[in-house]
Amino acid sequence: MSCSNYRDMQHCPDKNIFGYNARNNFYQNGVVQPLLTDLYQITMAYAYWKSGKINDQAVFDVFFRKNPFHGEFTIFAGLEEVLKFLLNFRYSDGDIEYLRETLPEGVEDEFFEYLRNLTAEEVTLYALEEGTVVFPRVPLLKIEGPLIIVQLLETTLLTLVNYASLMATNAARYRMVAGKHIDLLEFGLRRAQGPDGGLSASKYSYIGGFDGTSNVLAGKLFNIPVKGTHAHAYITSFSDLSELKTRMLRHKTSGVNCDLLELACNYRSQLSSILDISTEESSEGELAAMVSYAIAFPDGFMALVDTYDVKRNNNMENLISKISNGYKLNGIHKNSNKLTKNNNSKAYKDMNDGHIKNHSQSFYPYDDCINGKMQTNGTSNASSLITNAFENSSSTTSTVTSPANLLLRSCGKSLRSGLLNFCAVALALHDQGYRPIGVRIDSGDLAYLSCLARQTFEKVAERFRLPWFSKLTIVASNDINEDTILSLNEQGHKIDCFGIGTHLVTCQRQPALGCVYKLVEINEQPRIKLSQDVEKVTMPGNKECFRLYGSDGHALIDLLQRKGEPIPKVGQKVLCRHPFQESKRAYVTPARVEPLLKVFWQNGRVMQKMVPLDQVKERVQQSLKTLRQDHKRTLNPTPYKVAVSDNLYNFIHDLWLQNAPIGELS
C-alpha cells in the first residue's frame, strides 16, 4: 500500500525506519509521486524500452557545481524524502490512464504494462548522511540500477534535494551570523512559494539551525517547536478600555481573582514618572489589547509594542525642525533656546530623511546615546552630527531634560506607548504569580529600539527589585536578512531572538542551488560529458568519496577516486590532484579518513535508520565545526578543496582525449 499521505502511516512498510515521534513516524507529501517529473523522462523511458535497453545498468551522480550565497560550503538535505519516494515508487492505475492519454499516439500497450509493474527494488542509492557539509562536484547521491528506472527518478530526486539543501544552507548561514546564543524563528509560511514550499522551508530551516517555526502543520508533522504571539491586528482591534469584557485573572497559586486592568492602570501611573512617559502618550486600546492577551495567556505573555506612534513634544518638533533646516544649538536653558545658523543643513536632512527610516543603519552610538551622552564612538556619521549640534550646550542643561534624551525620546516614539503599557501589564501579571516573556519589535531602527527596550526593562527591574525583568526577551522581525543581522551585530543590539521570513524561505540571495543528475557509467562503461566550459565537464565512472582530516580535526580535502582503488590510509601520503588543472596537486597525509557515501537504499529496503530532525540538526552543527573558520566566514571565504586521485585524474583525461573531436584546419 502506498503511504502517499501521513494519515496512512499505520499501513506503511518500514515506517519505523524514519525517526519522528510516535504520532508521525511516517509522513510523505502526497504530491511527491512518479508523475512529479518532466515529460521527457517518460518519453526517454519509452525510447529506451523500444530500443531494447530494459536490462541496461546505469550509474548517475547528483552534484552541484558552485556553493550558494557567495559562500564556500553547502548543507546536504532532502535524503529522507528521497528514501520515502523510493519506498513508495509505483504508478497507479490512474497514472497509467493519464499517460495513455498524454503520450503521443503509437506508444505500445506493453510499455504501459511495463510501467505498471515498475518499482525501485532494483535500485541502489548511495548518499552522504543528511546534514553533512558538502562541496561542489562531490556526489550527494549516487544512483545505480536499470537505466530506465534510474532515468525516471531524475527530476523528482533533484526537486527533493535542490531546495532542501539550499534552504538548510541558508538557515545555517543565518545561525552562524546570529551566534549560538540568539534564538532564530522561521516566520515565512505566508511568503513561501506555496504550501509545499512553506512546509519544506519550516523543516529545512530547523535542520539548518533555527529553533522553531510559526508553521503549525510543520510542528505537527515534523515535531518542530511552534512559536508565535499576535499581530498588529490584535492590538488595533481594541480602541478603548471599555471594550475589555474580561478583566479578572486568577492568581496562579492562591487562586484569588484580581482585576488585572486595575492593577495594570496603577502600575502605568507609577511607571509614567519612572520612564518619563506621560500616560496621555499611551494608547488606551493598546492597553486593553495587552490586558486581554495577558488574561488569555498569562504564562506566555509576549506583546507587540510598536503598533502606535505617539505624539512628540511640540518643543521637540520645533527643535528637530530647526536642526534639519541648518541651525546649530549653542545652548538650551530652562526658559529659552539660543540658536545660530549653521551650514550643515543637507547633512541633517540626510540624517532625518534616511537613517531613521533604515533599520539596518546605525543612527546613534547606542551605549552612549542611551545614557544621554552625545559622544561619537565611530559607529555612526549621524551620531557625530548630533554631537556637533549640541557641542556648546550650557551647563544649565542639567536642570532640565537633556537635548540628547529629548531626541532619543523622539526617535523611540513608536515604542513609548507599547513599552509603557507592556511594563504595566507585565508587573500586574507578576502580582498574580505569572512571569511575562517579553516583547516583539516589528519596525524601525531595530538596534536602537532594542537598546531602548532593554534600558527600560533594566530601569523597571531596578525600581521594583525584580532582577528577572531586566532579562525579558526582545524579539525582532521586519524583513530581516543576513546582512541586517551582521549590521545589527556591529551596532551592539540587545535582541534575543530574530523572527525571519521572506529572505529565509525564498532564499532571495540565490533562488536555486543547481544540482544536476549526470550519467557517469552504463553497463560498466564510463560516460563523460564534454563542454567548452570546463566547469560542465563531468567526472566519469563509478566513484568513491573520502574526506581527509588533519591532526587538528579540521577537514583538509575531499578526495574522489575510482571504485576499487585502495582506500586512503591514516598516516600515509596521498597524491591529491585538481581534476582539470595539471599543475595543481599536493600530497596529503590524513590523520583521519571518512568515507562519505553510504548505502541507504538497496533491494527495495531502507538500509540505514533515519534519525529525528533534532539529531540531523545537531549533525549540521558538528559537521560545520570540522571546517576551518576561513571556509565559513561571510566575506571572501577560502574555497574548500575537492580533489581526485592520480588514477582518476589520468582516467578522466584519457577519456576526454578519446571523446573530444579532432579539429581540422584548411
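Glu 154 is buried (under 20% relative accessible area, with a 1.4 Å probe and protein chains only; exposed means over 50%, and partly exposed lies in between), yet Glu 154 has no salt bridge. A salt bridge here is a side-chain nitrogen of Lys or Arg within 4 Å of a carboxyl oxygen of Asp or Glu. The nearest side chain of opposite charge, Lys 518, is 6.6 Å away; Lys and Arg count as positive and Asp and Glu as negative, while His and the chain ends are not counted. Leaving aside neighbours within four places in sequence, Glu 154 is in contact (heavy atoms within 4.5 Å) with Tyr 40, Gln 41 and Tyr 517. The model is predicted, so local features need pLDDT of at least 70 and side-chain atom pairs count only at pLDDT 80 or more, whereas totals for chains, interfaces and linings use all residues. Residues are numbered from 1 along each chain as its sequence is written, and side-chain values use heavy atoms, with hydrogens and water left out.

Glu 154 belongs to helix H6. Helices (H or I, at least four residues) and strands (E, at least two) are DSSP runs numbered from the N terminus, and the protein chain holds 23 helices and 25 strands. Of its 666 residues, 54% are buried. Among contacts between residues at least 6 apart in sequence, 73% join residues at least 24 apart.

The interior can be viewed through its nonpolar cores, each a set of buried Ala, Val, Leu, Ile, Met, Phe, Trp, Tyr and Cys residues joined through side-chain atoms within 4.5 Å. The largest such core has 171 residues, and Leu 141, Phe 422 and Phe 469 have the most contacts inside it. Helix H6 (residues 154-178) gives the most to this core, with 13 residues. Apart from this core lies another, of nine residues, including Phe 546, Cys 576, Val 588 and Val 593. Beyond its neighbours within four places in sequence, Leu 141 touches several residues, among them Phe 60, Phe 76, Leu 125, Tyr 126, Leu 157 and Val 161.

Strands count as paired if DSSP finds at least two bridges between them. E3 pairs in the antiparallel sense with strand E5 (residues 141-146) over four bridges, and Thr 124 stands opposite Glu 144 in E5. An antiparallel pairing over three bridges also links E3 to strand E23 (residues 598-602), where Val 599 stands opposite Tyr 126.

Elsewhere, six strands form an open sheet with parallel pairing, in the order E7-E6-E15-E14-E13-E10. Strand E7 (212-213) and strand E10 (302-304) are the edges, each pairing on one side only. Within the sheet, two bridges join strand E14 (residues 473-476) to strand E15 (residues 497-500), and Val 475 has Cys 497 as its bridge partner in E15. Helix H18 (residues 446-464) lies across strand E13 (438-441) and E14, running at about 165° to E14; axes are lines fitted to C-alpha atoms, for helices over the stretch in contact, and angles run from 0 to 180 degrees between N-to-C directions.

The loop between H18 and E14 contains Arg 465, which has a positive phi of about 55° although it is not a glycine. Arg 465 is exposed, with a relative accessible area of 76%.
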